[in-house]
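Please read these points with the model open beside you.

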Amino acid sequence: MNRRTFLKCAATGGAAAAASFSAEARASRSVPQDPYGCLVDLTRCVGCRKCEQACATVNNLPAPSTPFDDPLVFDVRRRPTPEAFTVVNRYHTGRVDERNRLVPTYIKVQCMHCQDPGCVSACIVGALTKKDNGAVHYDESKCIGCRYCMVACPFQIPKYEYSDPLTPRVRKCTFCFERISRDGGTPGCAAACPVEAITFGKRTVLLELAKKRIRENPADYIPYIYGETEVGGTSWLYISAEPFEKLGFLKLPSRPIPQTAESIQHGIFKYFWAPLTLYGLLGAVMFRVHKKGKTDGTGSEHKGENQ
Ligand code: SF4
Ligand code: SF4
Ligand code: SF4
């Protein structure tokens, strides 16, 4: 190998690495065209927690520390855990009824099953994938426990089984993947809701339904569908009587998280050229010095010192 060949190899290798990384990042995303989703109508939810109970049954989760029929659970705001993929929280925003009594709003929280999910993009081994039916699916056999998905999720949903020292898994709502993969299958929570606060169906149909409800009942809803555009859109959608920011919903950009991450990644690769070229030059210098040493005998001198 001469100096010219060495430099050529270094440059070609760097370009190939950069291209393959960015191609991999893009390949990790495939936004389904007609996924399923769930529309949660917060004006209907009565906080009965039947959805939590159904989720626990469907996913073989342990019984909660506070029983499903104990309203004291609402004294504390909860987040999904490895043992509870969905939780319902209560909010008081100052809304009152005709008798001046405070009206609570109950909000079911779970993985949003983003259209272009940050967790999927961040998973370097493909343990998380966005399926055509809308579910963001977790394959525990591929997971290496890096927990990048937890960092990448804008909704802070994935949780890790720290309590399991041997086979810890990332845990989150599965969108009842196996159930909805069957014809006519419905997520456990949606099937259990006694007041039809959760409607399961094609996302496009749900968006039409949400717009229709808002249009026909302008006094009952704010004119906004949460999840229609947030981080590129989500399979779970919400409509509400009150502004979402009052209810703890995050204000998020419409740009998908992976696109932002890739811009940064591509920027790094762009500026990675400088160190790559430097490494190439350093390699060429070392190669030349080594070759020169062999020719004039200095190489064997160094070898002797090290022995
Ligand atoms: S909410 Fe978080 S965990 Fe769920 S799909 Fe989106 S990025 Fe992934
Ligand atoms: S879709 Fe399934 S896993 Fe997700 S919250 Fe509902 S019942 Fe639980
Ligand atoms: S089952 Fe329905 S009404 Fe009951 S808490 Fe869940 S979403 Fe609300």
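1. By class, the shell around ligand 3 comprises nine nonpolar, one polar and two charged residues. Here Ala, Val, Leu, Ile, Met, Phe, Trp, Tyr, Cys and Pro count as nonpolar, Asp, Glu, Lys and Arg as charged, and the others, Gly among them, as polar. The residues around ligand 3 include Cys45, Cys48, Cys51 and Cys193, as well as Arg49 and Lys50; a residue belongs here if one of its heavy atoms lies within 4 Å of the ligand. The space taken by ligand 3 is the largest cavity. A cavity is a set of points, on a 1 Å grid over the protein atoms alone, where a 1.4 Å probe fits but cannot get out. A molecule sits in one if more than half of its atoms lie within 2 Å of its grid points.

2. This is a predicted model, in which local features need pLDDT of at least 70 and side-chain atom pairs pLDDT 80 or more, while totals for chains, interfaces and linings use all residues. Residues are numbered from 1 along each chain as its sequence is written, chains are lettered from A and ligands numbered from 1 in the order in which they are written, and side-chain values use heavy atoms, with hydrogens and water left out.

3. Ligand 2 has a shell of six nonpolar, four polar and one charged residues. Among them are Cys55, Cys173, Cys176 and Cys189, together with Asn59 and Lys108.

4. The protein chain has nine helices and nine strands, taken as DSSP runs (helices H or I, at least four residues; strands E, at least two) numbered from the N terminus. Of its 307 residues, 39% count as buried; buried means under 20% relative accessible area, exposed over 50%, and partly exposed in between, with a 1.4 Å probe and protein chains only.

5. In helix 2, the buried residues are Cys51, Glu52, Ala54, Cys55 and Ala56. Their cover includes strand 2, strand 3, helix 6 (188–192) and strand 8 (198–202). Asn60 follows helix 2 and has a positive phi, near 55 degrees. Asn60 is in the loop between helix 2 (50–58) and strand 2 (87–96), and counts as exposed because its relative accessibility is 69%.

6. Cys176 also deserves a look: its phi is positive, about 45 degrees, although it is not a glycine. Most residues other than glycine have a negative phi. Cys176 lies in the loop between strand 7 (170–171) and helix 5 (177–181). Is Cys176 buried or exposed? Cys176 counts as buried, because its relative accessibility is 10%.

7. Thr105 belongs to strand 3 (residues 102–109) and is buried, at 2% relative accessibility. Its side chain joins that of Glu242 through a polar contact of 2.6 Å. Such a contact is a pair of N or O atoms within 3.5 Å; within protein, one must be able to donate a hydrogen and the other to accept it, and residues adjacent in sequence count only if both atoms are side-chain atoms. Leaving aside neighbours within four places in sequence, Thr105 touches residues including Leu42, Tyr91 and Leu247, where contact means heavy atoms within 4.5 Å.

8. Asp34 sits in the loop between helix 1 (3–27) and strand 1 (36–41). Asp34 is partly exposed, at 37% relative accessibility. The C-alpha atoms of Asp34 and Lys202 are 6.6 Å apart, although 168 residues separate the two along the chain. The side chains of Asp34 and Thr204 make a polar contact of 3.5 Å.

Technical notes: 1 Å grid on protein atoms, 1.4 Å probe; cavity = no way out; pocket = protein on both sides within 12 Å on 5 of 7 lines; lining within 4 Å.
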